[in-house]
Structure formats: C-alpha cells, structure tokens
Protein chains: 2
Amino acid sequence: MPVSSFQPPVRTLMGPGPADVHPRILSALARPTIGHLDPAFVAMMDELKQLLRDAFRTRNALTMPISAPGSAGMETCFVNLVEPGDKVVVCINGVFGGRMKENVIRAGGTPVCVEDAWGDAVDPDKLDETLKLHPDAKLVAFVHAETSTGVASDVPTLVDIAHRHDCLTIVDAVTSLGGSPLEVDAWGADAVYAGSQKCLSCTPGLAPLTMNERALEKVRARQEPVRSWFLDLNLVLGYWSGSGKRAYHHTAPVNALYALHESLVMLHEEGIEQAWARHRRNHLALKAGLEALGLELMVKEADRLPQLNAVTIPGGIDDALLRKQLLDLYGLEIGAGLGPLAGRIWRIGLMGYSSRAQNVLLCIGALGTALKALGAGGDTGEALSRAQSVLSEV
Amino acid sequence: MPVSSFQPPVRTLMGPGPADVHPRILSALARPTIGHLDPAFVAMMDELKQLLRDAFRTRNALTMPISAPGSAGMETCFVNLVEPGDKVVVCINGVFGGRMKENVIRAGGTPVCVEDAWGDAVDPDKLDETLKLHPDAKLVAFVHAETSTGVASDVPTLVDIAHRHDCLTIVDAVTSLGGSPLEVDAWGADAVYAGSQKCLSCTPGLAPLTMNERALEKVRARQEPVRSWFLDLNLVLGYWSGSGKRAYHHTAPVNALYALHESLVMLHEEGIEQAWARHRRNHLALKAGLEALGLELMVKEADRLPQLNAVTIPGGIDDALLRKQLLDLYGLEIGAGLGPLAGRIWRIGLMGYSSRAQNVLLCIGALGTALKALGAGGDTGEALSRAQSVLSEV
C-alpha cells in the first residue's frame, strides 16, 4: 500500500452536516496542544462553559461539551436519566426519534412511542393523550430539529405538556443550536444536547449538553449506577465542575475544545439573534430560488427549519447521479434522504458558516444547471435573481 | 465576561499524556472538513484501518478508531464483550485496572479482582490461581502499560494463562501502542484498545481498537443488546466495514481522523521497530541523567516502560511547587502521581514526538536546576553529559 498524507478535496458542505468550518475555527484547532489539567486550559474550559450557556440561553450550572459526537450527547442524557424500568415516552417523526427509542431500551427503560409521519412535526395532542394513558411515565423525549426531515417541533408546548404530567424532558437540539431559536430556560427544557458540527460550524466530534437542577436530581437519586462509566455525569462533572481541583476522568480532546471555544466566540461576536436571523434570511433566499426552479419544499411552511431544507426530488431525476454531478463538478455536497425518504428528497443544509449568500447562489446555480441539462427545472437566471432579491431585503 | 480567541501557551508535554503533537499532525488537523460519507473520506478510512493494523501488528478485520477518547475505547471492549452475569477477572495494579473493574460492573458483569501493588507488574501466578478458583470466568482484563505507575506487564504470558482457562482477553494498550513492543496477533490478545494522544503523538480524542474473530463471535452471540447504542460494535461496524455502502451511524470526527491518519503515516515512515528503539534510547538517556542527579526510578528495571518514567520524589521536595516552577519557567509539563502515589512520584513521559533528545536534555536540565536551588539533586552538567553519552551510542 503506498502511504502518504491525506489531502482532502475542498468542498462546499450543504448537506445535513458537517457544515463548512470557518477558517478561524480550523486555525484554532491547530494551535499547540497543552495538557488537559494545565491551568491555562482549565481557565479556557470555564469560559467555554459560559459561552455555551449563552448559546443555549440557560443559566444551568451543568452546561458543557461531552467529549464525543452528538450521538454520545443523546446517550449521555438517556443513560443518566433513565433507570431500569422507567417508562419513557418517545416522540418519533424521523431517524433521531427512532434512535432515542433504542437508547431507552439500552438504558433498561420501557419506551412508549408517539409516532408522526416523517416530514410532520410532533403532534402535541398525541403526546398529551399518550401521557394520560401512561401516568407512570417518568420522561418525555423528542427532537427539536429533525435532521432527517428538516422539521421543527414546538418545544415549549411539548415541554409544558410533559411537565403537566410530571415528566422530565430530553430534547435533541443537535441541528437547532445556533441556527434557530432555542430558549432552554424560558422553555423549561430539562436536558438538552447538541452537536458541534451543525450551526456552530465547528468540526464534528463534540456534544454540547445542558441539564437543569431537576434533571440532575434524578441522576443523583439513581438506585443503580449509570450503565456507562465514560458518560456517567457524576464522574464527568468532577472534571468539568467549576470549583476547586479538577478530578481526572478522561483525557479531554484538547484541540477539539479549542475549536469549539472559537466557534462560540464567533457566535458571541455575531450575536445569537443575528445568527438566527441570518439562517432565516438565507433559507428564504434559497426557497425563493428553488421555487423558481419548480422545486418544492417537502415540509409545510410552519414547521420548516431554516437550516435544513428538505426538497422533493422531481420525478424522473436520478438522485444519486445528480448529487454525484454536483460533487464532481462543483465540490458541492448536498444530502440524500434517509429511510422512507431515500430517493425522495434532498437535504440542503444552510448551517453555520455554510449559511452564506454565496452558498445560496452556488446551490441554486448548480441545481438549476444540472436540472436544465436533464430537460427539467426552470430559468436558472431568474431563480438566482429571486434569491438575490430576498438577500437584499434587510 | 470579555471574550476572545484562546491562544494556548506553548508547552513541552512530558507528562502521562497528551504528549507533544508533531506540527505535521496539527497541520493535518486543520485541513478542510469534508463530509463523513464523502468518497474521498471513505477511501482515507480504509487506508487508516490498514495503518492501524500495522501499528497493532494484527490482521484483524475489526481494527478502527472509536470516535471518543481512550476511556471510551475501554468501555467499547467491556460493553460489547461482557454480558450481564459474566464473570470477569480483572488484574489491578494501578488506576486503569481499577477503572476496568468499574466497567465490568456497569456492563452488568461480576468482577473478580487480582490485585498487585501500584508499581508492580501483574503477577501471572496470581492470575492462574484465581482462574483455577473461578472456572466459570469468561474474560480476563489487564493493562499492558499502566499509565499511573509506568509499569509494563507481560502480555503474552497473561494471555496464554487466560486462554488455557478458556477466557478471552481485553488488553489496555493506551500507553504502549507505538512506544514499546506490542504484538497483537503473535501474542493472541483478543480485544485491544489504545489512545491517540500517547505514543502516536496525535491529539487526544480517539481510541484505536482491534478485536479478533473469537472476540467478535462473543459480541455477535449476545443474548441481550449491548448497553450502549453509541459504542455497539454491531452498529459501528456498519459505518467502518470495508465493503459496499457505509451505513450512517454517527457523524465521524472528520478532522481528528485526518490527524490520526497523519500520525500513522509518520509511524509508517519511521518504522514501528525504529519507533520502539527510539523510545527505549531516550528512556535510557533520561534514566542516566536522573540517576546522576541522585533521583531513582520507582519501578524495577525489568518492568519499566520506556515511555513513562515514574521517578521517586526526594524527601523534603514540594511536589506541586516544583512542577509549577517547571511549567512557569520553561513551559515544561511533567505529571503528578495518582492515588496512593500522589506526592510520591513524578511521571515523566517520553511518548511519541515528546520522545526526543532535546526533551531529554530539557527535562534533566530543568529538574537539575530546580533541585539545586533547593539544595538537592546532583551535578546537572554531569547529568546532561551522561544522558548525551547514551544518546550517542547507536
């Protein structure tokens, strides 16, 4: 085997994640490694926790990144909050709700599922009905922004229903954090996890997490030890806790944390409300262009995520071939559909640093040109002008 | 809170890890992020698996990095191989053996401990006796290179004993991989995990792992699902498996994998036996210098790890103060003792890129000078000369 350094091609990442990583963040990643107990590193960790609190809009003391990808953030919530025998209501309207159900089973709990179609938001009435039938349920789990479908669910309403039935809530905010309004404290969400590689535009590999006191009380009151040593918050907190000496738990991914810190500094500089507005503006511009090309968004308007656009693939278009063309000709990555939506939708991400005017135009231009070559689509020039009109509105 | 980019101080990392990261590896880390299903990335993954096989000296098909730190590598072995009720013999001669015991409990198994003093190697006779008393044991777990004490245990002998008693073996090679001889296939070790941040000199955050077919059969034959979704090898393999379409499991830490690939390319270029010899040479040079300063290595010669040197702290020396001086004056990090060895030893790492002649001299010069200021130690000039003599022998 000939062996040489890997030189990745330069892509524009407009799939479901990872999103494009800002050069400032890549540069932070490459700064010199220091020890995970170095006083300079520990001071950075404290600042990072505060920046994460600002991004989650919470004052929760327990706010920190888990040293593994978003999926491990999900597992941290379930493995700590679910005790064997606990009944957990899981709302499923896409891939990640299904994964939550698996997590409940692995943690020894009993899942009760509330199912909605892939492409629809979680139905609050169904959740309420289910909780009435299961008064012994301890937890309710759902996804804020379903990455598999581009659907936003109504977090404050779902949290209120759960709380009325004395349930704690676990909320997946992997794709929402930094891209669309998320108000952990104002909405009362109890345990919320996210990922570094979506709207924060950091590299993949870390899972920001926050839990309020009520959730943490359930963790502390467990009868059985947490089924994971690595993700046991009782231990992880010894390293991340704010006061005094840090207890060694595992070797923190030092450079990845530099990068997450830098991405949060950039979010702080932009302002989180401005970041939400930017994601919304670019989404509306993309939508205007796609519609001018005759393409349709699958999700109904009220439930659409600005950062992830599910586009119905027109009849007669070879999904895989078209995505391969975009990648080969323009280095442009858009996402495929998953599960029942495979071959039926494209997932076009406008997340973090990928949510930029030039990416909106590139995507419309590339899709328009590729469709035209197949005798489909519409007037690409007109589509670009419509997108530009939206971008020009302030 | 004033918020700005984090600029880490430049350190020389001679503690128990992370070790210094080579500039080539930091540079690889900062290359443009691409998608985790990008054909270019998938080709890199295949090369990375082969390079890892070479480093582990194995032909195991299941050889890949887990997307989380070494501690998660440990958990991957236990959570997959231990079924509830399984009896597991755990050899404990330091922190990481103790952690293995915790992992057995979390996975629902019953640990049986073979204890040796911190600073001694695992005693093969004790293991044999214990297995005679527990003929129903399914697994034997031990640490090859105890990072908390600097002790190497005799892997092939321990594996042979385990196999004679029909047990599979789990071996912690976090600190050994790349630094001292490790022969996974020749020694018959069944499941072996490591970390990226020690003798591979990559950034912390990934856990290389290898398992032979016999171990994998036990995973496949499980009656109960693995207690972790994130670390369930049945699922992880769907993404990392060599053939056909990769199933989405989690978003791989793309840039961290660039860095691991680069570190393995560098190991390939050097040659693994040459890397082992380098670690040994620098260890002998450090030893010569430390002994000239009147310092003693805690571990007896036959069991010493070249990459991690446990040095007995002379009476009357303030451990924390001296380490702080080295950090403040020279940016030099050496490690503290853990558990019963806190305040009694320093742990001086010569791992990966940190295992260099200039680091040997820096450490001897800095320690000699600091001790002299306290009226302790020996002739620093002489100590440096003795180290240089060893470095000059080829």
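A: Two strands are taken to pair if DSSP finds at least two bridges between them; strands (E, at least two residues) and helices (H or I, at least four) are DSSP runs numbered from the N terminus. The model is predicted, and local features need pLDDT of at least 70, side-chain atom pairs count only at pLDDT 80 or more, and totals for chains, interfaces and linings use all residues. Residues are numbered from 1 along each chain as its sequence is written, while chains are lettered from A and ligands numbered from 1 in the order in which they are written.

In chain A, strand S13 (residues 332-336) runs antiparallel to strand S14 (residues 345-349), the two being joined by 2 bridges. Within this pair, A:Ala336 has A:Trp346 of S14(A) as its bridge partner. Both strands belong to an open sheet of 5 strands with mixed pairing, in the order S1-S13-S14-S12-S11 (chain A). Its edges are strand S1 (12-14) and strand S11 (296-297) of chain A, each of which pairs on one side only. Helix H13 (residues 357-373) of chain A lies across S1, S13 and S14 of chain A, at about 80° to S1(A); such angles run from 0 to 180 degrees between N-to-C directions of lines fitted to C-alpha atoms, for helices over the stretch in contact.

In chain B, strand S12 (residues 308-312) has 4 of its 5 residues buried (20 or more other C-beta atoms, placed from the backbone, within 10 Å of the residue's own), so S12(B) is largely enclosed by the rest of the structure. On one hand, 2 bridges connect S12(B) to strand S11 (residues 296-297) of chain B in antiparallel fashion, with B:Glu296 partnered by B:Thr312. On the other, 5 bridges connect S12(B) to strand S14 (residues 345-349) of chain B, again antiparallel, and B:Leu308 stands opposite B:Gly349.

Chain B also contains an open, mixed sheet of 7 strands ordered S2-S10-S9-S8-S5-S3-S4. Strand S2 (62-66) and strand S4 (110-115) of chain B form its edges, each pairing on one side only, and the twist averages 15° from one strand to the next.

The wider setting is the pair of chains. Contact (C-beta atoms, placed from the backbone, within 7 Å) links 68 residues of chain B with 68 residues of chain A. Helices H1 (23-29), H2 (39-56), H3, H4 (95-106) and H10 (254-270) of chain B each supply at least two residues of the side that touches chain A, and H10(B) gives the largest share, 8 residues. That side of chain B has 33 nonpolar, 24 polar and 11 charged residues, where Ala, Val, Leu, Ile, Met, Phe, Trp, Tyr, Cys and Pro count as nonpolar, Asp, Glu, Lys and Arg as charged, and the others, Gly among them, as polar. Because 100% of the interface residues of chain B are also interface residues in chain A, the copies meet through the same surface.

Conventions:
Two residues are in contact if their C-beta atoms, placed from the backbone, lie within 7 Å. A residue is buried if 20 or more other C-beta atoms lie within 10 Å of its own, exposed if 12 or fewer, and partly exposed in between; C-beta atoms are placed from the backbone.
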